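I am opening a notebook on this structure. Each entry says what I looked up and what I found.

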Amino acid sequence: MSLPPKKLYIKTYGCQMNVYDTERMVDVMGHEGYEVTDAPDDADLVILNTCHIREKAAEKVYSDIGRLRVMKEKQAKKAEASGRESKKSILAVGGCVAQAEGAEIQRRAPTVDMVFGPQTYHRLPEMTNQANKIKKTGGRPRIVDTDLVVSEKFESLSKKAIAPKKTAFLTVQEGCDKFCTYCVVPYTRGGEFSRSFEDVMTDARKLNEAGVLEVTLLGQNVNAYHGMSRENVEWSLARLIRHLADVTDFKRIRYTTSHPHDMTDELIAIHGEVAQCMPYLHLPVQSGSDKIVKAMNRHHTIASYMKTIDSIRAVRPDIALSGDFIVGFPGETDADFQATMKLVKEVDYAQAYSFMYSERPGTPAAGWEHQVEEHVKSERLAELQEALNHQQRAFNDKSVGKVMSVLLERTGKQDTHLVGRSPYMQAVHVDVGDKATVESYFGQMVDMKIISAGPRSLKGEFAT
Ligand code: SAH
Ligand code: SF4
Ligand code: F3S
């Protein structure tokens, strides 16, 4: 008789890099006989794949650990009452909080059995076996694995299968050497690392053969990609995109996140030349004030950012622009903030993310004088978000009446509804009217006429 499959529950916090990592963890543990479950109380292994970027994100992990502890205690009591042995599930904290805090997590939350960083999850099977052995003998595992050697992880993962879907992430670059003065990423993900051209192509071919239509090339600084080939030739992101467009059947190619400093002329040109390269670019600027971007160590000026935007619009006038903003960085005055508002007005974003500055331990700006008061930060954030929401709504409104290709990915709120993405990353909802046929549309790229727009999404109907 074969054993029932073990169950794995993973919760993902943070950025797309973590989404990608979660998918790889599912692959790795799938090889060990683990199946994914939506119920943490049913799982043999619970993984929290965490984010350290802002204080709120990191603190959320601890409140989730608290909830899981209560759940475990209840389970144990129930089992005791019915004379059964309680489930010895493993609680693991992975990702960027794990990397930043290491064993400190287990001091603060002793229920945590394993702590592993973003560069060591290929060793999950060994860690889990070890933890299970210790648990069987009634011990406490307290495993910590937070090495920062990126290449080893990719070598190990490349040997594993890739789950087939119609849209997929492909990590080409990891880590960051930019050291913005507010940011934890260079410490949690390590230095900048580009995967070799051959490794990227091996994964790309696998995705292509599995029928993937849309690939998103991922990296913390994806446009700093400079992978070497076996012949010792350096591949830029632009060349890589061109090559992927030539040799694969991908209908859509995206890349994220880009840094303004690495937005080369070659990469800008791709947007006008490669049809598969989608007209959407996430290009964070953080602030519209030269003084602040300098203090942030962003390696670009406002003028150079605006020049880049102009050049992209010259080759691809319909490009949808997105960005990230931080308000209330130390030393930000009203005038600096107004410079941000001015930049937002000039760029006219299709969509953007904005945050209040959060002091992160170990980053240079954390100890600086002239920290901005919380109430000022919230007022600025509200003003900025109002402008950004307004722009997003206007961008969506302009889509009404247009016919766009939409890649249908998932069901919507109602069971006759499907949701997909436009070339500009807008969510497009369609009612197919019949529950039975919903699944037959999954993964299809269809032309849709946009019939109405909302603040965050569009409604479409099949174009005839
Ligand atoms: N590598 C990407 C983004 C990394 S983090 C880039 O450079 O653009 C995603 C976003 O989180 C950042 O762009 C920034 O806007 C925000 N962020 C990072 N650290 C932050 C902090 N300490 N406080 C508030 N927001 C922060
Ligand atoms: Fe963080 Fe700056 Fe690197 Fe982006 S470029 S990951 S914000 S240090
Ligand atoms: Fe968060 Fe780590 Fe991504 S800190 S934003 S999960 S790189």
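**Entry 1: Q173**

In which strand does Q173 lie? I find Q173 in strand β8, residues 173-174. Helices (H or I, at least four residues) and strands (E, at least two) are DSSP runs, numbered from the N terminus.

A note on my ground rules. This is a predicted model, where local features need pLDDT of at least 70, side-chain atom pairs count only at pLDDT 80 or more, and totals for chains, interfaces and linings use all residues. Residues are numbered from 1 along each chain as its sequence is written, chains are lettered from A and ligands numbered from 1 in the order in which they are written, and side-chain values use heavy atoms, with hydrogens and water left out.

Next I looked up the accessibility of Q173. Its relative accessible area is 0%, so Q173 is buried. Buried means under 20% relative accessible area, exposed means over 50%, and partly exposed is in between (1.4 Å probe, protein chains only).

Then I looked up its polar contacts. A polar contact is a pair of N or O atoms within 3.5 Å; within protein, one must be able to donate a hydrogen and the other to accept it, and residues adjacent in sequence count only if both atoms are side-chain atoms. A polar atom of the Q173 side chain lies 3.0 Å from the backbone nitrogen of Q220. The Q173 side chain also reaches the backbone nitrogen of N221, at 3.1 Å.

**Entry 2: the ligands**

I started with ligand 1. Which residues come nearest to ligand 1? Of the 15 residues around it, they are Y182, Q220, Q286, D324 and S358. Near means that a heavy atom of the residue lies within 4 Å. Strands β15 and β16 each supply at least two residues of this shell.

A nitrogen atom of the ligand lies 3.0 Å from a backbone N or O atom of Y182. An oxygen atom of the ligand is 2.7 Å from an N or O atom in the side chain of Q286. A nitrogen atom of the ligand is 2.9 Å from a polar backbone atom of S358. On its own, ligand 1 has 540 Å² of accessible area, and the protein covers 89% of that. Such areas come from the Shrake-Rupley method with a 1.4 Å probe; for residues, only the protein chains shown count as cover.

I sorted the shell by class. Around ligand 1 there are seven nonpolar, four polar and four charged residues. Ala, Val, Leu, Ile, Met, Phe, Trp, Tyr, Cys and Pro count as nonpolar, Asp, Glu, Lys and Arg as charged, and the others, Gly among them, as polar.

I moved on to ligand 2. Its shell includes C176, C180, C183, Y182 and N221. By class, I get seven nonpolar, two polar and two charged residues.

Ligand 3 came next. Among the residues around it are C15, C51, C96 and Q220. Here the shell has four nonpolar, four polar and one charged.

**Entry 3: aromatic rings**

How many aromatic pairs does a search of the whole structure find? It finds eight. Rings of Phe, Tyr and Trp (its six-membered ring) pair if their centres lie within 6.5 Å; planes under 30 degrees apart count as stacked, over 60 as edge-to-face and the rest as tilted.

I looked at F329 and W368. They are edge-to-face, 5.8 Å centre to centre, with 85 degrees between the planes. F329 is in the loop between β15 and α13, and W368 is in the loop between β16 and α14, so the pair ties together parts 39 residues apart in sequence. F329 is buried at 0% relative accessibility, whereas W368 is partly exposed at 33%.

F395 and Y424 are also edge-to-face, at 6.0 Å and 80 degrees. F395 is in helix α14, and Y424 is in the loop between β18 and β19, 29 residues apart. Both F395 and Y424 are buried.

Ring pairs also link Y182, F329, Y357 and W368 into a cluster.

Where is the cis peptide bond? It runs from T256 to T257, with omega near 0 degrees. T257 is in the loop between β13 and α10.

N232 is not a glycine, yet its phi is positive, about 70 degrees. N232 lies in the loop between β11 and β12 and is exposed at 61%.
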